[in-house]
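Please look at the sequence and the model first.

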Amino acid sequence: MSSNTELQWKGYAVHDTKLWDEFKVTDFKPKGMEDKDVDIKIEYCGICGSDIHTITGGWGDIILPLIPGHEITGHVVRVGPKVTEFKVGDRVGVGAQVGSCYDCQRCKSGAENYCLKPIHSYNSVYPDGTVSQGGYATAIRLNELFVFPIPDALSLEQASPMLCAGITAYSPLRTNGAGPGKSVGVIGIGGIGHYGLQFAKAMKCDRVVAFSHSENKKADALALGATDFVNTGAKNWVEEWTDTLDIILCTVDVSHHIPLSDIFATLKVHGRCIMLALPDDALPPIQAFSMIASGVLLGGSHIGSKAEIVEMLDLAVREGVKSYIELLPMKEVGKAVQGMKAGKVRYRYVLKVDI
Amino acid sequence: MSANTELQWKGYAVHDTKEWDQFKVVDFKPKQFEDKDVDIKIEYCGVCGSDIHTITGGWGDVHLPLITGHEITGHVVRVGPKVTEFKVGDRVGVGAQVGSCYDCKRCKGGSENYCHKAIHTYNSLYPDGTVSQGGYATAIRANEQFVFRIPDELPLEQASPMMCAGITVYSPLKTNGAGPGKSVGVIGIGGLGHFALQFAKALGSDRVVAFSHSENKKDDAFALGATDFVNTGDKNWVKDWSDTLDIILCTVDVSHHIPLSDIFATLKVHGRCIMVALPDDALPGINAFDMTTSGVLLGGSHIGSKAEVVEMLELAVKKGVKSYIQMLPMKEAGKAVQGVKSGKIRYRYVLKVDI
């Protein structure tokens, strides 16, 4: 396979977590090309909350300089000799994971997103010592297992945020049985939340209840498919919504917003709240008693499997799920991460590659 | 229905939470007799961890004087005119709940153990202002919904601890699908744990793994049906047991024993840990990341429904589930509660009524 001499490897990198909104274009070396690897020329990359948590050092030390970004779309420009799913020119996407061990029971049974040796799209170390660099860049190289075909009916910029935010909401809805007969709550209307509402509706849930801490996003929530909107700043909302929900997706930091005990109170018997928000700090302490009142569960979730992503993209096309994005040239990444941190974006920035 | 002039209403009560092991026999007034009520002459009452949490004030304020005990067995001596399930002379048991609203969706849907207006067997207030008094007593009056027939094959003293400890573990095992193909972990081999091992085995689980913080209970664990025993005092136990369990019942106080993150590490993808221990303090803070690694859930559970209690007792008879009890005359309640608090009991005291 001839190497594509035009493919450059450079991206917008953070060099100091204290200056997390200052990006400099930096060359990087991708992992060594292996038989099942695919090289992708990136066109778009969405900005995920994870990028902010990472570059600010909120999630711990990072390997600098670092190029974040894991909501990536573009075209295939090279495939390794053992690649079977893709050919040059294919429209593809990459999410928050670029590698796994391929060998464990989880990898072999379609749960590669739960492999205990994952390589994440950025700030992870490959076995050969290479640090994975993310999608605020010209290109990315990775194993085909973690590359997803983008349906023709979906534009690349629309697809980008679905590769992390979208699947992060879709997978737990699927796993926990969202569908006819079920009532789903979505706490927080943002990157993940705006997909949570749409996918819950697309999956034909009876009720899709949006929870937000003010009235600001009410109109959007209803447009996104919510059957009900709850302003958690209002008194008595907990009483009114007691025992109403089967599944809740929580996308907010519960230390600062709604207490977990209030969330649990809205659940039906054996209902569950899936915590998708990954704040820097630990969750506030839980009283075992608050879970027994309705025998509820609190769960976690990590992106989704390839099969789930393919299913999600298909559903998105069929049911007209829309990404609410603001497109910016990639050089404005500093402005975008600031807007993200301040909670201003409605509901995802997507950066267009300009280098 | 004539009043049974022989039935006395008195019991061993605590008068001061600072002297929680000092019991004095006191008379008490039961709730007003209503059409669906059943009067039971108590023969045995098990001593549950809940009794200790309550009388020490660990779970908050207590209506004093208080008669605790909610693992009750005896005979029916009076039935109200609308009672349909029982007649005088029936062998029956009562657990941790004696009333509910009978009217909500949960009560009507077979989840009366999750009614928001539950009346607990002791320290609860009935609508008429009566404080419910428990089973370290001569008699109890309860709505027939919360009275359970004891199979003839099961001695009353064997059945007593199943009324709370037994059902507290049976219900989550059943709800979470314990059975063929599943691996179940039980943390803590005590009142709850010794039933959990037996019921997990009785339900046909592939693996039943007992976790204890020393070797002391190893022989018992195997006799109780464990396929494996793990001493959590050993190094590397977490690594050895990573990704092995579908369901865990945790009966220990995780602030002082195994950290939750270690427990989560043993779970398979989407496995769940049901916290049946109810310590005085909040659970230690959980990092959301601890739950994303395998997409696990942490849940609560509250006793079981009547249907589950009946099913449990049938299974206990069918599969020879044994209560490991130490019988004491009820006047030795003080010694019994000390023994429970210090963790000495193997694995339940049952008090025999002697007043």
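The points below go from chain A as a whole to one of its loop residues, and then to chain B.

This is a predicted model, in which local features need pLDDT of at least 70, side-chain atom pairs count only at pLDDT 80 or more, and totals for chains, interfaces and linings use all residues. Residues are numbered from 1 along each chain as its sequence is written, chains are lettered from A in the order in which they are written, and side-chain values use heavy atoms, without hydrogens and water.

**Chain A overall**

- Chain A has eleven helices and 17 strands, where helices (H or I, at least four residues) and strands (E, at least two) are DSSP runs numbered from the N terminus.
- With a radius of gyration of 20 Å, close to the 20 Å that the globule rule gives for 355 residues, chain A is as compact as a globular protein of that length. The radius is taken over C-alpha atoms, and the rule is 2.2 Å times the number of residues to the power 0.38.
- Along the principal axes, the C-alpha atoms of chain A fill a box of roughly 65 × 40 × 35 Å.
- Buried residues make up 60% of the 355 in chain A; buried means under 20% relative accessible area, exposed over 50%, and partly exposed in between (1.4 Å probe, protein chains only).
- Of the contacts in chain A with a separation of 6 or more, 71% are between residues 24 or more positions apart; contact means heavy atoms within 4.5 Å.

**A:Pro151**

- A:Pro151 sits in the loop between β9 (147-149) and α3 (156-159) of chain A.
- The relative accessibility of A:Pro151 is 24%, so the residue counts as partly exposed.
- Beyond its neighbours within four places in sequence, A:Pro151 is in contact with A:Arg91, A:Leu313 and A:Val317.
- A:Val310 is 159 residues from A:Pro151 along the chain, and their C-alpha atoms are separated by 9.0 Å.

**Helix α4 of chain B**

- Helix α4 (residues 165-175) of chain B is largely enclosed by the rest of the structure, because nine of its eleven residues are buried.
- Among the buried residues of α4(B) are B:Ala165, B:Ile167, B:Tyr170 and B:Leu173.
- The cover over the buried residues of α4(B) includes β10 (183-187), α5 (191-202) and α10 (306-319) of chain B.
- After α4(B) comes B:Gly177, with a positive phi near 85°.
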